[in-house]
Structures are given as C-alpha cells and as structure tokens.
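Trainee: Could we go through this model together? I would like to begin with one residue and then turn to the chain as a whole.

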Amino acid sequence: MTAPARRLIKPTTPRTVHLLNLSGALTSPVQAEATTEADFVRLAALCPNVVHIVSQPETFELPDRRYTPDYRIECRGGRVSYWEVKLEKRIDEYRPTFGAMAALTATKDARFFAISNTSIRRSAQHKVAQLIHRYAKAQPSRDAIHQVLSIAGGCWRRLKFDPPVRALPTQM
C-alpha cells in the first residue's frame, strides 16, 4: 500500500477509517476516511480499466491553498485521474477549488473529478458493489460449480439465451 500524502488517522479523528482489501480487483489495500469513500473505492475497483487506487495520493499547490484529493486512480494505458468524494450539499462550496484542480491536473496529462454521495449511492449501486466484492472472495468447489452450471444451463436453454458462463467449465 502506498503511504498517503496526508494522515488519515489523527488523535482527534471521530470516525471510522476503512482499510479495503479488494483482492482480485486491486493489488494493494486502499484506505477510506468515510463510508462514502469506501463505497466509491468499491465501485471504482469494479471498472475493468482500473489498475491501482491510491488514497490521499499527493498534495497540490493551488493559487490560494494546498489541496490533497481523496484518490488517484491509474488505469490501463497509463491514464491517471484524481477524485474527490464530497457530500452533495458541499459540492458548491468547493467548486472553485475543483475548477483549480481540474486546470492543474490537465497540465499534468491527468483529469480531476468530484463525485457526490448521491451519485455514488444512486440506485443502491454501492450495495451491489459491496456484494460483488464480498462474494468474489468465495472459492466454491468444482462440484458446486458444475452443479450450478448444469442447473443454470437448463434454464438458459428454456429461455433461448446463451448462458453467460459458457466458458467457465473449460477453465477448470
């Protein structure tokens, strides 16, 4: 895990700090200062182009202040983006800072995004992401896999669809 540019846990931190170990999706654990940030990391990790997510990656010098975005996301092909997770009600307050960050990161061939808790939790997608990561850790037996595929195969034939897991039995 890459060390954050800004300490997440301070003696006065009144909230829980999450350490997300999303093995299979990311190569190293990621810290999150709040539940909303943890939800964001779980969603971002599901993107097939995401290679690496770093919490509190670096501090930037803006014209009027120093600023540390919540995350740096590295994608296949070398694309880099910086992300800030904010409560919806605070987005307008930070809009000038977000604009300055967007301009600065563009000069570094990167992009800056701000995302709200409302966007992250739209249609309960954060709960779906949490379930995907939870069950992705499971290691079912070969017998269980074959049993599920045989049952599912019959259902797909009746529905006249190709089974989405057609390649799975040959991978074993």
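Mentor: Beyond its neighbours within four places in sequence, D70 is in contact with E33, E37, V54, S55, Q56, P57, W83, E84 and V85; contact here means heavy atoms within 4.5 Å. This is a predicted model, in which local features need pLDDT of at least 70 and side-chain atom pairs count only at pLDDT 80 or more, whereas totals for chains, interfaces and linings use all residues. Residues are numbered from 1 along each chain as its sequence is written, and side-chain values use heavy atoms, with hydrogens and water left out.

Trainee: Where is the place of D70, and is D70 buried or exposed?

Mentor: D70 is in the loop between strand 5 (66–67) and strand 6 (71–75). Helices (H or I, at least four residues) and strands (E, at least two) are DSSP runs, numbered from the N terminus. D70 counts as buried because its relative accessibility is 3%; buried means under 20% relative accessible area, exposed over 50%, and partly exposed in between, with a 1.4 Å probe and protein chains only.

Trainee: How many helices and strands are there in the chain, and what pattern does the chain follow?

Mentor: The chain has five helices and eight strands. Along the sequence, the pattern is β-β-α-β-β-β-β-β-α-β-α-α-α. Buried residues account for 34% of the 172 residues.

Trainee: Which residues have the most contacts inside the largest nonpolar core?

Mentor: They are L26, F40, V41, I53, Y71 and I73, in a core of 18 residues. Such a core is a set of buried Ala, Val, Leu, Ile, Met, Phe, Trp, Tyr and Cys residues joined through side-chain atoms within 4.5 Å. At least two residues of this core come from each of strand 2 (30–32), helix 1 (35–45), strand 3 (50–55), strand 6 and strand 7. Helix 1 gives the most, with five residues.

Trainee: How many residues of helix 1 are buried?

Mentor: Nine of the eleven are, so helix 1 is mostly covered. The buried residues include E37, D39 and R42 as well as F40 and V41. Not counting residues up to four places away in sequence, V41 touches L20, L22, V30, I53 and Y71.

Trainee: Changing topic, in which sense do strand 7 and strand 8 pair?

Mentor: Strand 7 (residues 80–86) and strand 8 (residues 111–116) pair in the parallel sense over six bridges; a pairing requires at least two bridges found by DSSP. S81 has R111 as its bridge partner in strand 8. With helix 2 (residues 91–107), these strands make a right-handed β-α-β unit: with the strands pointing away from the viewer, the path from the first strand over the helix to the second runs clockwise.

Trainee: And F112, is that residue buried or exposed?

Mentor: F112, in strand 8, counts as buried because its relative accessibility is 10%. Leaving aside neighbours within four places in sequence, its contacts include Y67, Y82, F98, M101 and T105. F112 and S81 lie 31 residues apart in sequence and 5.6 Å apart in space, C-alpha to C-alpha.

Trainee: Where is confidence lowest and where is it highest?

Mentor: Among these elements, the lowest mean is 69, in helix 5 (residues 142–159), and the highest is 96, in strand 7. These values are pLDDT, the predictor's confidence in each residue, from 0 to 100. The chain averages 82, and 78% of the residues score at least 70. Over residues 163–172, pLDDT stays under 50.
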